[in-house]
Amino acid sequence: MRLLKFPENTNNSLDCADWMELAALVSPEGRCSIAAVERNLKRLSAYDASTTMQQNSKVESACGEILGEVKRRALAADSAYPFAVESTGILTRGDVRKFAPYVFCLCLSWFGWQQRRGNKTFPRRMFEDLSKYAAQAFVGGKALRFGAPRTELPKSFKEALTHLAVAIGEGQARHIQGQVNAQDDTLDLVAWRDFPDGAEGKLILLGQCASGANWESKKRELDQVAFFNDWFSDQPPSLNGGMRVGFFIPCRVAKKKWIPTTRRSGIIFDRCRIAYWSHNNPEFKNREGYCDWSRRTLAGLRQRGT
């Protein structure tokens, strides 16, 4: 059995809230108490104070912040949140398989992923597909995963650009000579909403996905103007006003980083927003595949007490 270790950075309320959620998932009772968090904070002497009274006060304050983060998640994910929040902790809301998007993102952000040779499960691609379903529901229209290796579009980057222009009904892909090694040029998904006339001028969402722990270093990789300048001879008219950029990550963003990240990255689709928008999307049909990956990732995991 592997031990679910309490976060090393005990001052990080996001990591501690993640630990609570994972502890509830692996608990036979399906719950985790704030008292368990408090015991871990005291055990690790996370708040080094000169007196026990000072330490207890700081631990109590930290527990309040962690429980506050859990409540914010419940608000953001709404019906897609797998846990009921109580004053004493959290409790799973019935069959957690019904909450495949949130649990998958939670496991992906905590445990990460490492592709093994011969393994036909690709968590990074799964995350991009899940993000596509969230983007599709958000705009209320259609969506395609553009990220390499492609499954919905031609594997060739040049051919994929042509198909993309036809699909969104705007712009003209540039005729490119020779070999191109761009793969996807940081564009992982596109979602758009047509008007009944199908004419140019619409809402288009370009998405970049960052499924790893290094997501903060990728906040400015996708530049929609540069992308269409480089690869389209006739730019989509919606580029001027109707086009937006979304940044899709399986983790949560600290409150103090939310506004700066939004300013730099565009619309943030964090774990809660992805779960909320993909949860009820009827196009998202492979829920069992996500449940299976999460179940295998959590297999054999235990923790000291809930």
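Q: Which helices each supply at least two residues of the lining of the largest pocket?
A: Helix H1 (13-26), helix H3 (52-77), helix H4 (100-111) and helix H8 (255-265) each contribute at least two residues to that lining. Helices (H or I, at least four residues) and strands (E, at least two) are DSSP runs, numbered from the N terminus. This is a predicted model, in which local features need pLDDT of at least 70 and side-chain atom pairs count only at pLDDT 80 or more, while totals for chains, interfaces and linings use all residues. Residues are numbered from 1 along each chain as its sequence is written, and side-chain values use heavy atoms, with hydrogens and water left out.

Q: How is a pocket found, and what volume has the largest pocket here?
A: Rolling a probe the size of a water molecule over the atoms shows where empty space is left. On a 1 Å grid over the protein atoms alone, a pocket is an open set of points where a 1.4 Å probe fits, with protein on both sides within 12 Å along at least five of seven lines, and lining residues have an atom within 4 Å of a point. The largest pocket has a volume of about 740 Å³, the space filled by probe spheres set on the points, which are joined across faces, edges and corners.

Q: How many residues line the largest pocket, and which lie nearest its centre?
A: The lining holds 32 residues, and Asn 12, Leu 14, Asp 15, Asp 18 and Arg 252 are those nearest the centre. Helix H3 gives the largest share of the lining, with six residues. By type, the lining comprises twelve nonpolar, nine polar and eleven charged residues. Here Ala, Val, Leu, Ile, Met, Phe, Trp, Tyr, Cys and Pro count as nonpolar, Asp, Glu, Lys and Arg as charged, and the others, Gly among them, as polar.

Q: What is the order of the strands in the open sheet of five strands?
A: The order is S5-S7-S8-S10-S11, and the pairing is mixed. Strand S5 (142-145) and strand S11 (267-269) are the edge strands, each pairing on one side only. Two strands pair if DSSP finds at least two bridges between them. Strand S8 (residues 203-209) and strand S10 (residues 243-248) run parallel and are joined by six bridges. Within this pair, Gln 208 stands opposite Phe 247 in S10.

Q: Which strands form the open sheet of three strands?
A: The order is S2-S4-S3, with antiparallel pairing. Strand S2 (31-33) and S3 are at the edges, and each pairs on one side only. Strand S3 (residues 83-86) and strand S4 (residues 89-92) are antiparallel and are joined by four bridges. S3 and S4 form a hairpin, with two residues between them. Along this pair, Ala 84 stands opposite Leu 91 in S4, and Glu 86 stands opposite Gly 89 in S4.

Q: How many disulfides does the structure hold?
A: A disulfide is a covalent bond between the sulfur atoms of two cysteines. The structure holds zero disulfides, the criterion being a pair of cysteine sulfur atoms within 2.5 Å. Cys 63 is in no disulfide, and the nearest cysteine sulfur, in Cys 16, is 8.6 Å away. Cys 63 counts as buried because its relative accessibility is 8%.

Q: Where does the backbone show a cis peptide bond?
A: The peptide bond from Ala 148 to Pro 149 is cis, with omega near -5°. Pro 149 is placed in the loop between S5 and helix H6 (157-168).

Q: What is the value of phi at Asp 78, and what is it at Thr 186?
A: Phi of Asp 78 is near 55°, a positive value in a residue other than glycine. Asp 78 lies in the loop between H3 and S3 and counts as partly exposed because its relative accessibility is 44%. Phi of Thr 186 is near 70°, a positive value in a residue other than glycine. Thr 186 lies in the loop between strand S6 (172-173) and strand S7 (189-193) and is partly exposed, with a relative accessible area of 21%.

Terms used
Buried < 20%, exposed > 50% of the residue type's maximum accessible area, 1.4 Å probe, protein only.
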